[in-house]
Amino acid sequence: MRMKRTLVAAAGMAATALVLAGCAGSPSDGGSASNGKTTLSISVWNYKQTPEFKALFDAFEKANPNITIQPVDILAANYEDKVTTMLAGGDTTDIITVKNLTDYAGYAQKKQFVNVEGLVKQLPADKIPALTSYAVDGAQYAVPYRQDFAMLFYNKTMFKNAGVAEPTNLTWDEFASDAQKLTSGSGSDKVYGAYIHTWNSLVQAYPAAQKSNAKWDTGDYGWMKDQYKLVLGMQKAGTIMDWGTASSQQTSYQTMFETGKAAMVPMGSWLIAPLLADKKAGTNDIDWGIAPVPQLKSGTKITSIGGPTGFGINKNSKHQDAAKKFLTFAAGEQGADAVASIGIVPAYHSDAITTKYFALDGMPQDDLSKKAFNPDVIKPDGPTGPNAAAIGNILNQEHQLIMTGSKSVDDGIAEMESRVKSEVLHQ
Amino acid sequence: MTTLTQRASVTRRPTSRSLRRRRILVGWSFILPNFLGFALFTLIPVIAAFVLAFMHWDAYNPPTWAGIDNFVRLVGDSNFHVAFTNTVLYALGHVPLTLALSLGLALLLNQKLKGIAFFRVAIFFPYITSLVAIAIVWNMLFDPINGPINQFLHMIGIANAPGWTASTGWALPAVIITSVWRDMGYYMVLFLAGLQAIPSEYYEAAEVDGAGRWQKFWNVTLPSLRPTTFLVLVLLSVSSFKVFDLIFVMTQGGPGRATLVLSQLIYQDGILNGQFGYSSAISLVLFLIVLVVTVFQFKIQQRRER
């Protein structure tokens, strides 16, 4: 009997030891292995469903046989939270993928990344317009490898059937009247002229980019007024899906476009890759094209909205030289070549890359689509800088109130102004 | 265990002190694995949060002392006011509704009928269903235009049906309805256990005295259920004030801030905006609210038992 009790106690101790060992477990930092090879770990999201990472890593490994890349896969929805926690815990993952400029502002403010200014100076800045997006007070903590921007996806068949001219160079007013002509049916057969997704950037960022006096971070948002009136008018006329419906049903913009439920969808260039993939898989047979996003005034330069995706080097990285090699590769022509081959819009621009991109299987070949691929200016699709997250949150909350009709446009904008001023700018 | 130790003491007669020490050690060894987990993942973080509430910290660079700055900011923060009000309103809706419905269901299902187990399982089922699935399905039901709920309301002649999760006024009620539906099965099981522990002699005695159904309910069932009711009330209140997951999946606190609750504000200011000191201060306030509510309930319970 006594023995049994001792056994139980021993088992308890063993379990405790296991728990402790688990916590203190030495990180397998996969450092320089004995065979002279370096292993670089890079944080990524949804590795299997985001083929650009594998394409980029494979190309890099091929060019640098002495470096192996170890992806650290994180669920896309939790990516920001998880990276914040990892960095706070002193994680040594070498390279952190920077999902958007809002996140970047946080990393830069906390100085969690290595300043790669020296590396940036050696890159061909004229071919990488997004490079400047990461400049903060004379420092640069990341480089872009991908630059998405908004374009107008349109269903060519629906335009032809409705007798509407191709959307070569629309203004927002023309966009609304085209949507009117393209809307038909009711109930479950309803076809919308356009689909504007629920994100606040899809209303707010266009005037922010296309009006000269619009600024995100001063607490004045009167410049959003006309765009809200336009979109609310379309909602009332039933030419776009009601915001409340789209939000509560968690409507997918891709499905709306692929099933022919909407003729025009202003959306980021990231939609191209899944459209091509679905065409290949036979689940999407619509005849589609891309056009420049509508502008406020006709005859102006094409100003689109968008943001870069990039890589930064963790300050705790033990392989900073190899990491810098990777950053140079990803931001340059070789990296661009790798991602463009799977339908991702690279940050590095050149005629060769554009040609390669349009050679992809299923890519529309008309001149309008090619024109849409090269907007004159790309501006941020939301606030940037240290207050980006806090301002973005307020603008999004008030956007929901305006779109659901809970507040008038004027009241909503007034609330944005007073909240940003008091909660963020502390005026 | 007692028989074992008794036998051991008979055969070996160790001194009572060493026996006691050994018992304590054995006791500790049993509790140690659990305590270590608790200390590591709950106790230490809680203490750390208390300290952090008086600091500025971005989760990366060393924290700096803030004194009561965070609490001063809290008093003037409109987000905190909104979240506090919403949390209280949620609790005021969720607690009584769940309590009443779960008790009603328990009474209804506390009968010896054929197939009663099926209904009990059916009511309990939402509680063990994935929360994300519940949120998505209810969001579809609540759809203001195509949702079955509003189509039914239109059918019975209500012209201005509520906008539910798409409107600021009805989003919170919609979330409360969903959470009541999800939770009532769990508390029904607690009430069922309580009901089955009531001796049938009480009811027989009441019947002999000529009590009707209502009188039996008021004078036998409810008083006998008091310990269960108290447990359910405390559990419900604590979970209502801490609500996060359902709201986060259903509305993300929207539209606007119509369903923003304290737990979500803590998440938003800490994880998203990187202000861990301020979010710890909000956590501390939430902790105090839950503490006060629970102590209040205990006091009332004690007074009643006297």
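Reader: Which residue follows H4(A), and what is its phi?
Author: In this predicted model, H4(A) is followed by A:Lys111, with a positive phi near 50°.

Reader: And how many residues of helix H4 of chain A are buried?
Author: Eight of the 10 residues in helix H4 (residues 101-110) of chain A are buried, and the helix is mostly covered. The buried residues include A:Leu101, A:Asp103, A:Tyr104 and A:Tyr107.

Reader: What covers them?
Author: The cover of the buried residues of H4(A) includes helix H3 (79-88) and helix H17 (388-403) of chain A. Strands contribute as well, among them E3 (95-98) and E10 (303-313) of chain A.

Reader: What about chain A in general: how many helices and strands are there?
Author: Chain A has 18 helices and 11 strands. Of its 427 residues, 45% are buried.

Reader: Why does the radius of gyration of chain A agree with a compact globule?
Author: Because a compact globule of 427 residues would have a radius of gyration near 22 Å, and chain A has 25 Å, which agrees.

Reader: Turning to the other chain, how many residues of chain B are in contact with chain A?
Author: There are 38 residues of chain B in contact with 33 residues of chain A. On the side of chain B that touches chain A, H2(B) gives the largest share, eight residues. The residues of that side of chain B are 18 nonpolar, 16 polar and four charged.

Key. Residues are numbered from 1 along each chain as its sequence is written. Chains are lettered from A and ligands numbered from 1 in the order in which they are written. This is a predicted model: local features need pLDDT of at least 70, side-chain atom pairs count only at pLDDT 80 or more; totals for chains, interfaces and linings use all residues. Two residues are in contact if their C-beta atoms, placed from the backbone, lie within 7 Å. Helices (H or I, at least four residues) and strands (E, at least two) are DSSP runs, numbered from the N terminus. Ala, Val, Leu, Ile, Met, Phe, Trp, Tyr, Cys and Pro count as nonpolar, Asp, Glu, Lys and Arg as charged, and the others, Gly among them, as polar. The radius of gyration is taken over C-alpha atoms; the globule rule is 2.2 Å times the number of residues to the power 0.38. A residue is buried if 20 or more other C-beta atoms lie within 10 Å of its own, exposed if 12 or fewer, and partly exposed in between; C-beta atoms are placed from the backbone.
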